Amino acid sequence: MDVGVLVPQGWKGEYDGWDPARAWARTVELAQQAEELGFESAWVFDHFTTVPEPTDEITFESFSVLSALAMATKRIRMGHLVICTGFRNPALTAKLASTIDVISGGRFELGIGGGWKEDEWIAYGYGFPPIAERLGALSDHLEIITRMLEPGRATFEGTYASVRGAINEPKGIQKPRIPILVGGNGKNVTMRLAARHADELNFVFRPIDELAELMALARQRCEEIDRDPATLRLSLYANDIDFRKVGQKRIDLIGEYTRLGLDRLAAFPTRWSPEPETQAAFAEDCLAAGVALHGEAVGVG
């Protein structure tokens, strides 16, 4: 099982009251430390203002963060958990993703979902369409993005989005394309979109017993379209509260996820305390749970 970490950007209040320059320096420091500790990936959220209530506090924009971190790191993979596709034209999203993949040397993964945080949509002038429309847009956007990442020009006429001979050069470095991760727990639309378009399906905040059922259903969605279920990676963004635990309780939980057969686990150990020691302690617990971290780890002491 691969293990990734969320790096602080302020969305969950971890930078409330901080000076912006100091906060950004800490984000870079923690991304670099995550790489040194051997974590497989580093992730950011795609939000404009804090949660649960929007406040006048720091929230760094996600694509800008990843572009900068791509230059500040060398090995660790990176992406979003996950972008709100409604915030951007899908052709622009493909262009952004392709450029970051080149900047990072082929380490970018495009995490994408339908979006949910109503206050952001309204405050930034996007309205807030019903869930059926948001998922319909996600379907069209995935069609466009996948075509934009394929050879040649992209054409698609959808209900919610269209492109006509759109050029996307460069298309990124990774072959056959930049990996696409669809995020969400929806059993019908979201899972089927992941089975059709994605390389990975990411669940959010699911307990062990429910997660096992969701994983089985995701594999069934692949079989429905004659896709080998083994080709769809399954991952989890773990509950921040669970991963605030330190020591044996967290070690046991990481072990349970490993035994369940997850391909990737993403956690946010520095939500409450954006200090290097917090992330190092999480690395120690992963190693104690028998998870071999990737890369050239320099130690967790």
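The buried residues of helix 9 are Pro276, Thr278, Gln279, Ala280, Ala281, Phe282, Ala283, Asp285 and Cys286, where buried means under 20% relative accessible area, exposed over 50% and partly exposed in between, with a 1.4 Å probe and protein chains only. This is a predicted model, in which local features need pLDDT of at least 70 and side-chain atom pairs count only at pLDDT 80 or more, while totals for chains, interfaces and linings use all residues. Residues are numbered from 1 along each chain as its sequence is written, and side-chain values use heavy atoms, with hydrogens and water left out. Helices (H or I, at least four residues) and strands (E, at least two) are DSSP runs, numbered from the N terminus.

**Helix 9**

- Helix 9 has 13 residues and spans 19 Å from its first C-alpha to its last, close to the 18 Å expected at 1.5 Å a residue; the expected span is 1.5 Å times one less than the number of residues.
- Strand 1 (2-6), helix 1 (20-37), helix 8 and strand 11 are what the buried residues of helix 9 pack against, with contact meaning heavy atoms within 4.5 Å.
- After helix 9 comes glycine 290, with a positive phi near 90°.

**Phenylalanine 282 and the cores**

- Phenylalanine 282 touches Val3, Val5, Phe39, Phe243, Arg250, Ile254, Ala267 and Pro269, not counting residues up to four places away in sequence.
- The largest nonpolar core has 75 residues, of which Phe39, Leu201, Phe203, Phe243 and Phe282 touch the most other members. Such a core is a set of buried Ala, Val, Leu, Ile, Met, Phe, Trp, Tyr and Cys residues joined through side-chain atoms within 4.5 Å.
- There is also a second, separate core of 11 residues, which includes Trp43, Phe45, Leu181 and Tyr237.
- As general background, nonpolar side chains tend to be buried together in soluble globular proteins.

**Helix 8**

- Helix 8 (residues 248-260) is made of 13 residues and reaches 18 Å from its first C-alpha to its last, close to the 18 Å expected at 1.5 Å a residue.
- Arg250, Ile251, Leu253, Ile254, Gly255 and Tyr257 are buried in helix 8.
- The cover over those buried residues includes helix 7 (208-224), strand 10 (233-237), strand 11 (264-267) and helix 9 (276-288).

**Helix 7 against helix 8**

- Axes are lines fitted to C-alpha atoms, for helices over the stretch in contact, and angles run from 0 to 180 degrees between N-to-C directions.
- On the helix 7 side, Ile208, Leu211, Ala212 and Met215 meet Glu256, Tyr257 and Leu260 of helix 8.

**Helix 3 against helix 5**

- Helix 3 (residues 90-103) packs on helix 5 (residues 131-148) at an angle of about 40°, with the axes 8 Å apart.
- Helix 3 and helix 5 are therefore oblique to each other, and their crossing is right-handed.
- Pro90, Ala91, Thr93 and Ala94 in helix 3 meet His141, Ile144, Ile145 and Met148 in helix 5.
- Serine 139 lies in helix 5 and is in contact with Leu193 and His197, leaving aside its neighbours within four places in sequence.

**Backbone details in the loops**

- The peptide bond from valine 51 to proline 52 is cis, with omega near 0°, and proline 52 sits in the loop between strand 2 (41-44) and helix 2 (62-72).
- Another cis peptide bond runs from lysine 175 to proline 176, with omega near 5°; the loop holding proline 176 is between strand 7 (162-166) and strand 8 (180-183).
- Phenylalanine 205 has a positive phi near 50°, although this residue is not glycine; it is found in the loop between strand 9 (200-204) and helix 7, and at 32% relative accessibility it counts as partly exposed.
- Aspartate 226, also a residue other than glycine, has a positive phi near 60°; it lies in the loop between helix 7 and strand 10 and is exposed, with a relative accessible area of 75%.

Terms used:
Parallel < 35°, antiparallel > 145°, perpendicular 65-115°, else oblique. Left-handed = near helix turned anticlockwise from the far one by under 90°.
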